[in-house]
Protein chains: 2
Amino acid sequence: MKEKHETAYEKLKDRLATISDLSSANGLLFWDRQTYMPEGGVAGRAEQMATLSRLAHEMFVDDGTGGLLDAVGEQDPSSEEGAMLRRARREYERATKLPSDLVAEITRTTALAEPAWVRAREEADWSLFAGHLEKILPLKREAAEHLGYEDHPYDALLDGYEPGTKKAQLEKMFEELKEGIAPLVRAVSEWEGDEEDRAAPLYGDFDEAEQEEFGKAVISAFGYDWERGRQDRSVHPFCINFGPGDVRVTTRFEEGWLAPALFGTMHETGHALYEQGINPDYARTPLGSGTSMGVHESQSRLWENLVGRSRPFWSRYYPKLQEAFPEALGRVGSEAFYRAINVLEPSPIRVEADEATYNLHILLRFELEVALLEDALSVTELPNAWNAKMEEYLGVTPKNDAEGVLQDVHWSNGLFGYFPTYTIGNVLSVQFFDEAVKAHPEIPDQIKEGRFSTLHGWLRENIYRHGSRYYPDELVEKVTGRPLDPAPYLRYLKSKFGELYGLS
Amino acid sequence: MKEKHETAYEKLKDRLATISDLSSANGLLFWDRQTYMPEGGVAGRAEQMATLSRLAHEMFVDDGTGGLLDAVGEQDPSSEEGAMLRRARREYERATKLPSDLVAEITRTTALAEPAWVRAREEADWSLFAGHLEKILPLKREAAEHLGYEDHPYDALLDGYEPGTKKAQLEKMFEELKEGIAPLVRAVSEWEGDEEDRAAPLYGDFDEAEQEEFGKAVISAFGYDWERGRQDRSVHPFCINFGPGDVRVTTRFEEGWLAPALFGTMHETGHALYEQGINPDYARTPLGSGTSMGVHESQSRLWENLVGRSRPFWSRYYPKLQEAFPEALGRVGSEAFYRAINVLEPSPIRVEADEATYNLHILLRFELEVALLEDALSVTELPNAWNAKMEEYLGVTPKNDAEGVLQDVHWSNGLFGYFPTYTIGNVLSVQFFDEAVKAHPEIPDQIKEGRFSTLHGWLRENIYRHGSRYYPDELVEKVTGRPLDPAPYLRYLKSKFGELYGLS
């Protein structure tokens, strides 16, 4: 037998690798459940996933992990080893601050709350869900107290998705966004141009196999590596990875509506390019995935919106799309198509929102969840507060709670502090894209030619390969020389939609 | 918080359920690797599978398991609880008898041996593999010593696949089979009937989608429950389950050869019907899967051979098959097709062997692996010994070691004692089938009408639902009133092939 004398650092890495393997296996259990698992597997799969989560959590919060972290000590976080230790310690401390009874109680409560939310949304009946949310809120407040914070309990929860970011920063960001977007939305809604239904070209008869082939061609050109990934179908599209060698996307196809598969595929591929681009040496370590939800979303949004809803992209790809769907699109001009994929129009539903109003949906949720956490708003008052803000920010009123306060699953899962990462992603997508174009001014012309390797290469070099080596604020500063800043994003929105709607 | 006061029995069940979940998750990692995983996932997947195996093993052999087993004590094994404890203790004792260093060494050695075997077979070069087998053998001998045995070290290894069965019983079984089969093979080979190539109808142009549809129709009729399973493609077909609600099969299709998918689908479905039929209360316990490799194989063989290669079956299904493949089979009569799927002809390759000569392939391996374990035969002598026995039992000589001693993967994986379970399966398939027909003489007529529910129901009631509640010898005795007995199987072979070849 080979003798093994492992250092504390090696032992720690082994332990974290074991935990990472459990989490990858659990990821596959999830992927399979969403894609191929037969109906009969539901109960068994729930047990398997609960067991793997529990084992991974137990092993991570075990004193053994803390002992090894202490034995190794801190190291200069500018080194890879130091960055890994810093990230491991951060996650360990967050995990161990929560009493295991509280973690179990949150798991139990949200496990009951989600199916209740499903029913409540189906029946558009807030009362079926309100009691569950009333149980979840005090648990999340308690969690925030255990996790600790300087200014506001919201910071403690937000930190779980966007390390280091604070509520105060978000307020500043949203203030700027609201000031910039509200007049744009007003101007467009007051605009009296054509009366046609701009989005009409996206509805018609779109053969699923053709949609799939077109999407594959696009994401292959983006640089998605099929030797380290695959695409399957699922009702709710997602990207998931089991290490850098296996990063998968899923897509939902609708034969009557082109948008979900077309933009969904680009969106999930943006996430996938990030994960495929991470330094493979980080596999099975805490550095081996994207650094935050917001930075992750910046990449899905960059490829979906800044590339996939741009003129340069479609000047190349629209003729190909017309070839794929001659009947539906043969007589739709490229300008009409470009307008169709960039309709700015307030709607009550977040996931159907355009690039601009999307952020007002997030602002609304952010303000409401802060108020709920502070107990400044009661669960009973929430539906009215929702509708009032919807009217104020978007000028629309949901026809019932199903398309209002009940539309999102997040709160039923206890995800308070998560929504803002969507807008952080939007904001960062433009900051990053601008930097890429500054470094390589030829990028827009290349996109016109269907060449994405300069953009992809820049993103990989500056963002992807680092995985979680830098915290999001460090990464943003390192890449753009500035902190998170909504100004470039607002300039982008005003320029794009100003031109589209002929605003002054 | 709800207080939990678990009894030792509940704690033991929880622990075994956790281990079962880990093993199911590992099963999914395997299934995915064989079906959908992209090439780039290989390295990561190997780590994940190794980690889950290790965790399941560590948790099982942990003193905690032994402590709980001792605390619960033994109970009457005729109760379900008692049977579960008996099976758990048996597996625990087998697992803990092996020193973990030896387990690790076997894992390492066979991990290197398998790719060496692949190369050796590709290049038909025994010398590339011989050194690996020389390392594996002493490790398996050592394992047998640790496991313990009364008469022969082979018993200790065989017991891992066929609990309770002994080498001496196998020798008796094989002696009877050899005496019965050898004259049959000789008679057929000396027979001078037609000179046509009987198997020709199985070769031609068989559209893959049509093959798949036909196979699905057949196994749906057998009773395969698609709500608790699915069928995918893999190079090496298999059946795998992740609990009673999710039992999957895989199939290999060849457009030029009908046999692999046709009979492979029925074979794997036989395994699947067994697993789908187990009492769902046994899920996540040691009783929740088939009781032995041999009993499992009896079910795959029963559906593949006793149903799927029978006249009654094809009197119903051949017209449907002709409809599916009018060009290839339109002018092939049903009798010619029945002869084609029942050619008795010695060949050097086990997996291509007919129902009769198959067992001589197994006998040869059984005798050689006993001799290797006893050191009565050296690894260097093995290829010649193989060829000599091949000539003696089957009258054929492999043209090289690739189609001789190197044809099977098993020994490179350290699977000594496994091969005989194939023949046990063949023998039991007829014993069980005869009992079913004795209880329900209408079964052959029902098969003629494409009705399989009486047969399936009888098997579920008498065999499937029990899972691992009874050891194989107990089950055989309970179902047939007799021990394992080759006589019915020999009668079946003589009757079937005697009629087919017009022997007296």
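Biologist: Happy to begin with A:A124: is A:A124 buried, exposed or partly exposed?

Modeller: Do keep in mind that this is a predicted model. A:A124 sits in the loop that links α5 (100-122) and α6 (127-147) of chain A. Being buried takes 20 or more other C-beta atoms within 10 Å, and being exposed takes 12 or fewer. A:A124 has 15 other C-beta atoms within 10 Å, so the residue is partly exposed.

Biologist: Thanks! And what is the phi of A:A124, roughly?

Modeller: A:A124 is not a glycine, yet its phi is positive. The value is about 50°.

Biologist: Chain B has a positive phi too, at B:R284; is B:R284 buried or exposed?

Modeller: B:R284 is in the loop between α10 (259-276) and α11 (293-307) of chain B, and its phi is near 65°. The threshold for burial is 20 or more other C-beta atoms within 10 Å. B:R284 has 23 of them, so this arginine counts as buried.

Biologist: Nice. Back in chain A, which residues outside its sequence neighbourhood does A:S234 contact?

Modeller: A:S234 belongs to the loop between β1 (231-233) and β2 (239-241) of chain A. With 15 C-beta neighbours inside 10 Å, A:S234 is classed as partly exposed. Setting aside neighbours within four places in sequence, its contacts are A:Q34, A:T35, A:T250 and A:R252.

Biologist: How far apart in space are A:S234 and A:V249?

Modeller: In sequence, 15 residues separate A:S234 and A:V249. From C-alpha to C-alpha, the distance is 9.4 Å.

Biologist: Let's turn to helix packing: at roughly what angle do α1(A) and α3(A) cross?

Modeller: The contact pairs A:A8, A:Y9, A:K11, A:L12 and A:R15 of α1(A) with A:T65, A:L68, A:L69, A:A71 and A:V72 of α3(A). By class that gives 7 nonpolar, 1 polar and 2 charged residues. The crossing is left-handed, and the axes come within 9 Å at an angle of roughly 145°.

Biologist: And in chain B, what is the handedness of the crossing of α15(B) and α17(B)?

Modeller: The axes of α15 (358-374) and α17 (420-439) of chain B come within 8 Å and cross at roughly 145°. Here B:Y358, B:N359, B:I362 and B:F366 meet B:P420, B:Y422, B:T423 and B:N426, a contact with 5 nonpolar, 3 polar and no charged residues. The crossing is left-handed.

Biologist: Which element gives the largest share of the largest nonpolar core?

Modeller: That core has 232 residues, and those touching the most other members are A:A25, A:L363, A:L493, B:A25, B:L363 and B:L493. Domain 1 (1-73) and domain 2 (101-504) of chain B both contribute residues, so the core lies between them. The largest share, 9 residues, comes from α15(B).

Biologist: What does A:L493 contact beyond its sequence neighbours?

Modeller: A:L493 is among the residues of the largest core that touch the most other members. Leaving out anything within four places in sequence, its contacts are A:I181, A:L184, A:E355 and A:A356.

Biologist: One more, please: which element gives the most to the side of chain A that touches chain B?

Modeller: Chain A and chain B each put 33 residues into the contact. On the side of chain A, α1 (8-35) and α2 (42-61) are the elements giving two or more residues, and that side divides into 13 nonpolar, 10 polar and 10 charged residues. The top contributor, with 8 residues, is α1(A).

Note on methods. Residues are numbered from 1 along each chain as its sequence is written. Chains are lettered from A and ligands numbered from 1 in the order in which they are written. This is a predicted model: local features need pLDDT of at least 70, side-chain atom pairs count only at pLDDT 80 or more; totals for chains, interfaces and linings use all residues. Axes are lines fitted to C-alpha atoms, for helices over the stretch in contact, and angles run from 0 to 180 degrees between N-to-C directions. Helices (H or I, at least four residues) and strands (E, at least two) are DSSP runs, numbered from the N terminus. A crossing is left-handed if the near helix is turned anticlockwise from the far one by less than a right angle, and right-handed if clockwise. Two residues are in contact if their C-beta atoms, placed from the backbone, lie within 7 Å. Ala, Val, Leu, Ile, Met, Phe, Trp, Tyr, Cys and Pro count as nonpolar, Asp, Glu, Lys and Arg as charged, and the others, Gly among them, as polar. A nonpolar core is a set of buried Ala, Val, Leu, Ile, Met, Phe, Trp, Tyr and Cys residues joined through C-beta atoms within 7 Å. Domain bounds come from an automatic or database domain assignment.
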